[in-house]
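The sequence and structure are shown below.

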Amino acid sequence: MIDFAMDLLLVLFYTLRDVLPILLLIVVFQVFVLKKPIPHLKKVILGSIYVVLGLALFLMGLEKALFPLGKIMASQLTEPEFIGKVGDGTLNWMSYYWIYIFAALIGFATTIAEPSLIAVAIKANEVSAGTISQKGLRITVALGVAFALALGTFRIVTGTPLFVYIMAGYIIVIIQTIFAPKKLIALAYDSGGVTTSTVTVPIVAALGLGLSSAVPGRNPAIDGFGLIAFASLFPIVAVLGYAQFMELKIRILNKKIKEEDDAI
Amino acid sequence: MKYKHYIETILRKLRLAFMDLIPIIVVVVFFQSVVIRQPFPQIGEIIFGFLFVVIGLMLFIEGLEIGLFPIGETMAYALAKKGSLFWLMIFSFSLGFSTTIAEPALIAVAKEASEISSGAGLIENKQSIKDLYAMGLRLSVAVSVGLAIVIGVLRILKGWPLYYLIIGGYVLVMLMTIIAPEEIIGLAYDAGGVTTSTITVPLVAALGVGLANVIKGRSPLVDGFGLIAFASLLPMIFVMAYGLMWF
């Protein structure tokens, strides 16, 4: 119990240290540049305390529960015995299929719980007057991350060069940008950056490192990198794709209505 | 009577936070019980940890709505009203720079990268050189995030279409990939993803949306977003340029 309290204090201290530069910046600007008191100061201070305390508890809980579990599972799934058990003895990229499934599922699950994404989803819902649902955006982004991690682990297993995938991804994004509804492009681009923060990065890093040291012929220093890059690219594709799909649906619907009108 | 109302609100918010974590629980339980089939390590501690995660997430979301979002928007509003482009730019740069330079994930990655590079014989294997290399890496990422926010804010002010800038950035990343040393590419790509921390994102989002709200002719949806996109794109270019400088 005392250990727990000490850990919590330590995490709280680290969180405060991270927040300090932002706090300083805001205070300096308010006092010296804007020279105006902050409206609803009490509420803002209370909210900031909630954010720091909440983040500290969240990180602390992750440290105790999710990270060790994620690391153990990543190493168990990449153990040669486990992979040998599911394969037919000879190893090819198919032998690692549980890893692809695990990567996809854990990517989806951690993205749903990602605080940064929740923040952006709240804002998007607010400015679109409710047309973009928080849940819808988060699920779409999470599906993007799921696909990204499955593909990323496949890349580590096969050892194909990272930049080829990234380039292909960029080209897809560029083509989608040309055709996607212009209103959602900015949001889609932003969803790439927010997926990989507090929850996802440590688990993904453990998975990449574990996998690249388990697969024969892979070097963790070179092949371990890159999963995060995948996880920030494919949510863009997913959100743009979702926007295109919705537009198409509306267009077909309108066409139907028009045809019905014409028939009458 | 009043307390009953409070408790109900808190319970409802706790339930919402818990719902966000259900997918993780399902995945972990499924893999442990069906695929890996090994006993759960330290079950008590894990359940305790999950309780922390749920309460923490609830507090964080509550704090966002009453603290972080309002302050971000108020600052955007005040800075726009002041009408000083200079101070707005200074604020934007400082916001990006100061939150990135102290980012623990970046410090860890930079240290790791300096070890790997010296191990591969790319830089001299001396502690002072390694420290210099790691510090330079952190500085180039922090400067790039600061510049990214500045460019993003300028874009909102001028109303430039985002996709020209982003696609231009992609083309630059591709060109840099061709000329950059191979050892730095994976690191550079990942650097884009790790820079935007959990406290920066809500503030930056509130800043962008707030600015787009204040300035005439901008839509918060079309123009307010996009700051984070710059902050994940520019570090890639800068880190590759940094690699070119060293190797």
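Predicted model: local features only at pLDDT ≥ 70, side-chain atom pairs only at ≥ 80, totals over all residues.

A crossing of two helices is right-handed if the near helix is turned clockwise from the far one by less than a right angle, and left-handed if the turn is anticlockwise.

## Helix packing in chain B

Helix 2 of chain B, which covers residues 43–82, packs against helix 8 of chain B, which covers residues 200–214. The angle between the two is about 45°, and their axes are 8 Å apart. Angles under 35 degrees count as roughly parallel and those of 65 to 115 as roughly perpendicular; helix 2 and helix 8 of chain B are therefore oblique to each other. In the sense defined above, helix 2 of chain B passes helix 8 of chain B in a right-handed crossing.

On the side of helix 2 of chain B, the residues that meet helix 8 are Leu64(B), Leu68(B), Phe69(B), Gly72(B), Glu73(B), Met75(B), Ala76(B), Tyr77(B) and Ala80(B). Their counterparts in helix 8 of chain B are Pro202(B), Leu203(B), Ala206(B), Leu207(B), Gly210(B), Leu211(B) and Val214(B). Sorted by class, this contact between helix 2 and helix 8 of chain B has 13 nonpolar, 2 polar and 1 charged residues.

## Two residues of chain B

Leu207(B) belongs to helix 8 of chain B. A residue is buried if 20 or more other C-beta atoms lie within 10 Å of its own. Leu207(B) has 27 other C-beta atoms within 10 Å and is therefore buried. Leaving aside residues up to four places away in sequence, Leu207(B) touches Gly72(B), Met75(B), Ala76(B) and Leu227(B). Of these partners, Gly72(B), Met75(B) and Ala76(B) are among the residues through which helix 2 of chain B meets helix 8. Although Leu207(B) and Ala76(B) are 131 residues apart along the chain, their C-alpha atoms are separated by 5.3 Å.

Ala241(B) lies in helix 10 of chain B, which covers residues 227–246. Is Ala241(B) buried or partly exposed? Ala241(B) counts as partly exposed, because 17 C-beta neighbours are found inside 10 Å. The C-alpha atoms of Ala241(B) and Ile184(B) are separated by 9.6 Å, and the two residues are 57 residues apart along the chain.

## Overall build of chain B

Chain B contains 10 helices and 0 strands, and its elements follow the pattern α-α-α-α-α-α-α-α-α-α along the sequence. The C-alpha trace of chain B spans about 65 × 55 × 30 Å along its principal axes. Of its 247 residues, 50% count as buried. Where contacts in chain B join residues at least 6 apart in sequence, 84% of them link residues at least 24 apart.

Chain B is divided into domain 1, residues 1–83, and domain 2, residues 84–247. The C-alpha centres of these two domains of chain B lie 28 Å apart. The contact between them takes 12 residues from domain 1 of chain B and 12 residues from domain 2 of chain B. The side of domain 1 of chain B that touches domain 2 has 8 nonpolar, 2 polar and 2 charged residues.

## Overall build of chain A

Chain A has 11 helices and 0 strands. From the N terminus on, the order of its elements is α-α-α-α-α-α-α-α-α-α-α. Along the principal axes, the C-alpha trace of chain A spans about 75 × 70 × 30 Å. Buried residues account for 48% of the 264 residues in chain A. Among its contacts between residues at least 6 apart in sequence, 82% join residues at least 24 apart.

The division of chain A gives domain 1, residues 1–64, and domain 2, residues 79–263. The C-alpha centres of these domains of chain A are 31 Å apart.

## Contact between the chains

In the model, 82 residues of chain A are in contact with 81 residues of chain B. The elements that give two or more residues to the side of chain A include helix 1 (2–34), helix 2 (41–78), helix 7 (162–179) and helix 11 (227–263) of chain A. Helix 2 of chain A supplies the largest share of this side, 22 residues. By class, the residues on the side of chain A that touches chain B divide into 57 nonpolar, 17 polar and 8 charged.

Note on methods. Residues numbered from 1 in each chain as written. Chains lettered and ligands numbered in written order. Axes fitted to C-alpha atoms, helices over the stretch in contact; angles between N-to-C directions. Helix = DSSP H or I, 4+ residues; strand = E, 2+ residues; numbered from the N terminus. Parallel < 35°, antiparallel > 145°, perpendicular 65-115°, else oblique. Contact = placed C-beta atoms within 7 Å. Nonpolar A, V, L, I, M, F, W, Y, C, P; charged D, E, K, R; others polar. Domains from an automatic or database assignment. Buried ≥ 20, exposed ≤ 12 C-beta atoms within 10 Å, placed from the backbone.
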